[in-house]
There are 2 protein chains.
Amino acid sequence: MMTPRNGGGSPAVEWTLTLPGQRVHLGTQRPLTLDCGVALSDFPVAYQMYGRMNPSRSNVILVCHALTGDQFVAETHPITGKPGWWAALVGSGLPLDTDRYCILCINVLGGCMGSAGPSEINPDTGEPWGLGFPVITIADMVRAQAMVLDHLGIEQLFAVIGGSMGGMQVLEWASLYPHRVFAAVPIAATAQHSAQNIAFHEVGRQAIMADPDWCGGDYWRYDKNPHRGLAVARMAAHITYLSEHKLTEKFGRQLQERSAVTYGFDADFQVESYLRYQGISFVERFDANSYLYITRAMDYFDMAARHGGVLANAFVDTRVRFCVISFTSDWLYPTVESRRIVKALNAVAADVSFAEIASNNGHDAFLLEEPEFRRVLSGFLDAAAAHRGLPPVRGS
Amino acid sequence: MMTPRNGGGSPAVEWTLTLPGQRVHLGTQRPLTLDCGVALSDFPVAYQMYGRMNPSRSNVILVCHALTGDQFVAETHPITGKPGWWAALVGSGLPLDTDRYCILCINVLGGCMGSAGPSEINPDTGEPWGLGFPVITIADMVRAQAMVLDHLGIEQLFAVIGGSMGGMQVLEWASLYPHRVFAAVPIAATAQHSAQNIAFHEVGRQAIMADPDWCGGDYWRYDKNPHRGLAVARMAAHITYLSEHKLTEKFGRQLQERSAVTYGFDADFQVESYLRYQGISFVERFDANSYLYITRAMDYFDMAARHGGVLANAFVDTRVRFCVISFTSDWLYPTVESRRIVKALNAVAADVSFAEIASNNGHDAFLLEEPEFRRVLSGFLDAAAAHRGLPPVRGS
């Protein structure tokens with residue numbers, strides 16, 4: 001388990017130098033032109049693979065990670081030492097079966113686990129980008145991922161799957177590269193960030209930027225790290241990931257290792273202690289500027305707006321098979337947002353199935369043990385694999 | 001319009017010296033024993049009155065203010081220069097008719113508009129209390145208010161009315177002093193702070209305490225003011241005061257004085273600009289330590305817990321007439337919380353009416369122009385006044 005330095009140079013750059021997994025430099029011959037107009041040349045992208053590609057490279061599932069996720073889907077995380085964030089779903093005999101599929105996950109552009117982002121080195125200056133890094137969009141993330149596929153010689157993904165911001169990338173994949181996607185599974189996602197979604201992100205950004213150790217984004221230069229602001233940002237966001245029901249069930253008003261309130265400002269309640277821990281542990285593995293960039297990309301996400309205000313226009317004539325999944329208690333991207341996606345897909349006569357999973361786990365349900373979710377995902381993938389002509393696992 | 005100094009001494013103490021309205025020193029003969037066990041002697045409480053008491057002093061309505069409210073209910077606020085927070089409801093010819101009733105509002109204990117709180121002077125040291133101020137509860141606030149009634153010679157309130165934290169005080173009034181309350185109107189309230197409620201408050205407190213200018217609560221000593229942390233706290237809380245529907249209707253994804261996103265971290269979206277303004281304007285009139293104390297009092301609020309786990313026990317044999325009001329889109333203290341209060345009152349055969357007002361304005365509906373709310377409040381007060389034998393307004 002690595003411990004990133006707290007301040008001093010750019011901690012994220014330091015830890016990425018020794019990360020396991022693959023890292024490729026893209027844009028060396030032709031730059032990636034971002035939505036903001038900047039052309040990005042010679043930039044790193046880090047990824048991780050589980051399972052093997054078949055000879056025709058037709059069995060690849062791209063897993064797109066969420067805001068604070070990364071490419072370490074199904075293995076011990078190199079910084080936290082915790083299991084991969086989808087270890088329950090990705091592996092031998094699991095729904096994303098590594099005996100059948102090759103699972104690929106790419107650290108998003110703007111991230112801090114090896115892909116180009118504000119904490120990586122700007123080749124023009126030899127220093128970390130900081131706020132000099134161009135503001136990116138979800139589509140930019142997907143374009144960079146497509147360049148990784150080119151590098152790996154993968155013409156078409158069998159499936160692209162992701163929850164939350166991962167689901168936004170799934171939608172962009174199906175829209176930007178419909179011929180490179182056989183099946184698409186956007187989970188607990190939305191096609192457009194709402195005013196409330198933007199508002200919560202703005203609180204997080206303001207918390208980071210209010211921390212004097214942020215230093216206008218140049219904290220690496222001053223041997224600082226705005227960990228307090230980032231922790232507050234994480235705490236605020238974390239509340240939106242859980243349902244009110246779940247918080248009540250899990251914590252209620254239970255006290256933290258005491259029999260009565262202390263009439264003070266320590267964490268009297270378990271929910272306070274839990275939230276503080278979420279904040280403190282997050283800053284060990286995440287870069288504050290990356291948090292700004294990725295939340296911004298999510299806020300800018302509005303697929304309909306880029307298609308004349310009509311979401312269906314993003315998917316005209318699509319041959320992608322969709323499985324849209326939402327969770328009943330998700331109030332961050334509630335079922336109504338998934339229904340909007342389904343309606344748009346219906347309007348272009350797309351092949352789409354939709355499942356609303358009954359769960360009390362809120363938005364985070366897609367990361368947790370949810371038997372019905374697992375069954376839906378397995379069933380859809382098995383059927384799609386049969387259509388695609390992928391052989392079943394030997395012996396099964 | 002006064003401008004509080006930003007840092008330097010205790011700004012709140014400075015501005016309270018020149019505030020309009022009344023200020024009384026209580027506990028000079030017998031101290032107030034707080035729930036935490038501390039005895040508070042010789043402490044100030046500030047209040048404001050609108051309308052006149054009748055000779056029998058039976059026409060007084062106590063209005064209890066919310067977390068960030070104060071006693072300036074129905075007049076230009078001395079610091080912000082804005083109208084009183086309930087100017088639409090309190091005044092001549094309005095539902096809380098100052099031609100008929102005498103409206104009293106008392107700055108809560110722990111507040112920063114003249115009542116004893118962390119920014120006031122500790123008589124034992126001659127310096128601001130800071131975190132030396134005892135942690136108070138909603139019941140403590142109500143006990144201090146009862147001392148003000150004693151001082152004013154008011155035996156029984158005609159009514160006690162309040163929204164949000166004001167509604168918590170209303171419930172405590174009816175429970176602690178049933179014989180001193182004729183009618184009680186808890187609005188958009190709850191009898192118990194939930195895990196999610198506590199979580200949002202904890203984010204706000206952590207934002208304040210993460211600000212280095214908080215100085216462990218002693219900012220007044222170092223000529224500082226944790227205005228950045230307090231602004232973030234306010235922003236996070238403010239989201240919970242509005243419904244998702246209202247945010248979408250009011251702002252949606254509309255841009256702030258620009259025709260396209262800027263690919264930067266300025267406030268591209270109107271909702272961002274709005275939230276930033278909410279944060280910035282709040283710190284001009286509120287004390288960061290008061291925010292800690294009052295949110296803590298709300299988190300500790302759990303009426304059932306103090307009555308053997310049964311909420312109804314708080315109201316046994318009550319003769320108070322209740323009107324419980326909630327708003328459909330309030331997700332901070334949703335209707336289900338008001339229903340719990342109503343059920344408890346039903347269980348003791350109390351005289352209770354309940355109105356759920358259809359509104360898209362979220363929790364803040366109680367502060368806004370809501371015709372149905374106004375009608376319900378007027379109707380209940382008129383009927384209660386008739387029962388109490390208060391003469392109608394002359395000429396009406």
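**Close-up views of a two-chain predicted model**

The crossing of α4(B) and α5(B) is right-handed, a crossing being right-handed if the near helix is turned clockwise from the far one by less than a right angle, and left-handed if anticlockwise. This is a predicted model, in which local features need pLDDT of at least 70 and side-chain atom pairs count only at pLDDT 80 or more, while totals for chains, interfaces and linings use all residues. Residues are numbered from 1 along each chain as its sequence is written, and chains are lettered from A and ligands numbered from 1 in the order in which they are written.

**View 1. Helices α4 and α5 of chain B.** The axes of α4(B) and α5(B) come within 7 Å and cross at roughly 165 degrees, where axes are lines fitted to C-alpha atoms, for helices over the stretch in contact, and angles run from 0 to 180 degrees between N-to-C directions. The angle therefore makes α4(B) roughly antiparallel to α5(B); angles under 35 degrees count as roughly parallel, over 145 as roughly antiparallel, 65 to 115 as roughly perpendicular and the rest as oblique. From α4(B), the contact takes F200(B), V203(B), G204(B), A207(B), I208(B) and A210(B), and these meet G229(B), L230(B), V232(B), A233(B), A236(B), A237(B) and T240(B) of α5(B). Residues are in contact here if their C-beta atoms, placed from the backbone, lie within 7 Å. Sorted by class, this contact of α4(B) with α5(B) has ten nonpolar, three polar and no charged residues, with Ala, Val, Leu, Ile, Met, Phe, Trp, Tyr, Cys and Pro counted as nonpolar, Asp, Glu, Lys and Arg as charged, and the others, Gly among them, as polar.

**View 2. A helix of chain A against a helix of chain B.** Helix α7 (residues 270-282) of chain A packs on helix α4 (residues 195-210) of chain B at an angle of about 50 degrees, with the axes 9 Å apart. The two helices, α7(A) and α4(B), are therefore oblique to each other, and α7(A) passes α4(B) in a right-handed crossing. On the chain A side, V271(A), E272(A) and L275(A) meet A195(B), I198(B), A199(B) and E202(B) of α4(B). The residues of this contact of α7(A) with α4(B) divide into five nonpolar, no polar and two charged.

**View 3. The side of chain B that touches chain A.** The contact takes 41 residues from chain A and 40 residues from chain B. At least two residues of the chain B side are supplied by each of α4, α5 (227-241), α6 (244-250), α7 (270-282) and α8 (288-300) of chain B, and α4(B) gives the most, with eleven residues. By class, the side of chain B that touches chain A has 24 nonpolar, seven polar and nine charged residues.

View 4. Chain A has ten helices and 14 strands, helices (H or I, at least four residues) and strands (E, at least two) being DSSP runs numbered from the N terminus. Of its 396 residues, 55% count as buried; a residue is buried if 20 or more other C-beta atoms lie within 10 Å of its own, exposed if 12 or fewer, and partly exposed in between, with C-beta atoms placed from the backbone. Q192(A) is found in the loop between β12 (181-187) and α4 (195-210) of chain A, and Q192(A) is partly exposed, with 18 other C-beta atoms within 10 Å. Leaving aside neighbours within four places in sequence, Q192(A) is in contact with F301(A), D302(A), M303(A) and A304(A). Although Q192(A) and M298(A) are 106 residues apart in sequence, their C-alpha atoms are 8.5 Å apart in space.

**View 5. Loop residues with positive phi.** D317(A), a residue other than glycine, has a positive phi near 60 degrees and lies in the loop between α8 (288-300) and β13 (321-327) of chain A. D317(A) is exposed, with 8 other C-beta atoms within 10 Å. In chain B, A349(B) also is not a glycine and has a positive phi of about 55 degrees; A349(B) is found in the loop between α9 (335-347) and β14 (351-357) and counts as exposed, with 12 C-beta neighbours inside 10 Å.

**View 6. The loop that holds G37(B).** G37(B) lies in the loop between β2 (32-33) and β3 (39-40) of chain B, and G37(B) is exposed, with 8 other C-beta atoms within 10 Å. G37(B) and P134(B) are 97 residues apart in sequence, and from C-alpha to C-alpha they are 9.0 Å apart in space.

Note on methods. Two residues are in contact if their C-beta atoms, placed from the backbone, lie within 7 Å.
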